[in-house]
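Q: Could we go through this model together? I would like to start with its surface and then turn to its pockets.

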Amino acid sequence: MKSKPLTQSITFMQALALVVGMIIGSGIFLKPGIVLSDAGTPWMSILAWLAGGIITLASALSVAEIAAAIPQSGGLYTYLTELYGGVAGYLLGWVQAVISYPASVAALAIAFATYSGYFVPLNAWQQKLVAVGILAFILLMNVIATRFGGIIQTVATVGKLIPVAGIVGVGLFSGAAPGFSGISVSAAGAGFGAAVLGTLWAYDGWISVTNMAGEIKDPARTLPKVISIGVIFVIAVYVLFNLAVFKALPYEQIVSSETPGADAAEALFGNGGGAFITAGIIVSVLGALNGYLMTAARVPQAMGARGQIPCAKVLSRIHPRFQTPANALIFQSVLAVVYIFSGTFNTLTDLLVFVLWIFFTMGVFGVFILRVTTPPGQGRYRVPLYPLTPILGVAGGLYILVSTIISDPLRSLIGIGITLAGLPVYVIMMRKNRV
């Protein structure tokens, strides 16, 4: 089943903004205390952020080779389909298109409304209406033009970095900062491994830029660059931000606070610090919301082009005037609204963490399969330090999988069950395509 190809309208900077903007959400403002508590000492906490970043970078560099060899829309769904066969790709696409992506979009829309309540008090129903309203705005902009979504992503990414830069600049380089309050104290924590695990969640999101491969200019060259530069940049941001927090706050306050970023801003900027950081979180969540909706729509659109999803012709269709996957964008948004009003988004995303990391680890391992089936041609990007780099990325994925099974085996099994529930649809669609 053929569909009209999407226009290559995403620039290098917009793709880079997708990588950075989808990794850096609200976690940068909330995670320092959790990681520090697990690590036990501030310097071990910094080491955990570096270790998580290196594992993420190894995965990113490995997947970038696959992206360069298969520069098609759909991202990991497409890679698994090409490398492992239709069933593996379909199961990921099913989970992403029907549950994971729209549930994440719903969670981000609710987060936007929740943090907006800092400035304008909202009850539960008003929060839902604000969430739907901001989602409708993002949907409209992405339907009208993909470049509008790219512009929103770039502006939001720059905007979210302003409070981060403010805290880092004042916290590290200003004599007005309290000093290294949190650096000199240490305590027993859950362990370095648990701390690294916490950072790996904070580095998640970068792979979604590969969903846009068909709309990025010169994707075979651009994707490896934006993925590598984006992840390295985020590692630097996370390390510097944590150092600034440690300089601004005492150890006990960092590990006991649910919002160490806001507390650090208040210590550095006074009473207006809380509003400053909350505004930054709102912009940060807005950028992540835009990025998730934009990239999410490319999965059902790609599945529709392969005839692997009900209403395939409708979902694969490109708007004749706007040249955007309008139907797929609307499909994801409608599901997100259902999850917003049902309140099931957090439960669903939690249930699927284990399964998604199975597919992600398969994606990183896929570079070994790619080297056998499609050896790198002259001038094509190759992952550096092969095979050590992908081995490190796979090891990081396996670590998360084992940790998840140990911590919550029932939830992991339920996630597998939800995933396999999509198999009957796959069988029906394949039979329909053969008729």
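This is a predicted model: local features need pLDDT of at least 70, side-chain atom pairs count only at pLDDT 80 or more; totals for chains, interfaces and linings use all residues.

A: Helix 4, residues 42-69, gives the most to the nonpolar patch, with four residues.

Q: Which residues form that nonpolar patch on the surface?

A: The patch is formed by M44, L47, L50, I54, F192 and L392, and together they have about 460 Å² of accessible area.

Q: And where does F192 lie?

A: F192 lies in helix 9, which covers residues 192-202.

Q: Changing topic: what volume does the largest pocket have?

A: The volume of the largest pocket is about 1,600 Å³.

Q: How many residues line the largest pocket, and which lie nearest its centre?

A: The lining has 48 residues, and S104, W201, D204, Y292 and T349 lie nearest the centre. Elements that give two or more residues to this lining include helix 6 (86-116), helix 9, helix 13 (273-296) and helix 17 (345-373).

Q: How do the lining residues divide into nonpolar, polar and charged?

A: The lining of the largest pocket has 28 nonpolar, 15 polar and five charged residues.

Q: One more: where does Q8 lie?

A: Q8 lies in the segment before helix 1. With a relative accessible area of 42%, Q8 is partly exposed. The C-alpha atoms of Q8 and S407 are separated by 43 Å, and these residues are 399 residues apart along the chain.

Key. Residues are numbered from 1 along each chain as its sequence is written. Side-chain values use heavy atoms; hydrogens and water are left out. Patches are made of residues with over 30% relative accessible area and no salt bridge: like charges are joined within 9 Å, nonpolar side chains (Val, Leu, Ile, Met, Phe, Trp, Tyr) within 5 Å. Accessible areas come from the Shrake-Rupley method with a 1.4 Å probe; for residues, only the protein chains shown count as cover. A salt bridge is a side-chain nitrogen of Lys or Arg within 4 Å of a carboxyl oxygen of Asp or Glu. On a 1 Å grid over the protein atoms alone, a cavity is a set of points where a 1.4 Å probe fits but cannot get out, and a pocket is an open set with protein on both sides within 12 Å along at least five of seven lines; lining residues have an atom within 4 Å of a point. Grid points are joined across faces, edges and corners, and a volume is the space filled by probe spheres set on the points. Ala, Val, Leu, Ile, Met, Phe, Trp, Tyr, Cys and Pro count as nonpolar, Asp, Glu, Lys and Arg as charged, and the others, Gly among them, as polar. Buried means under 20% relative accessible area, exposed over 50%, partly exposed in between (1.4 Å probe, protein chains only).
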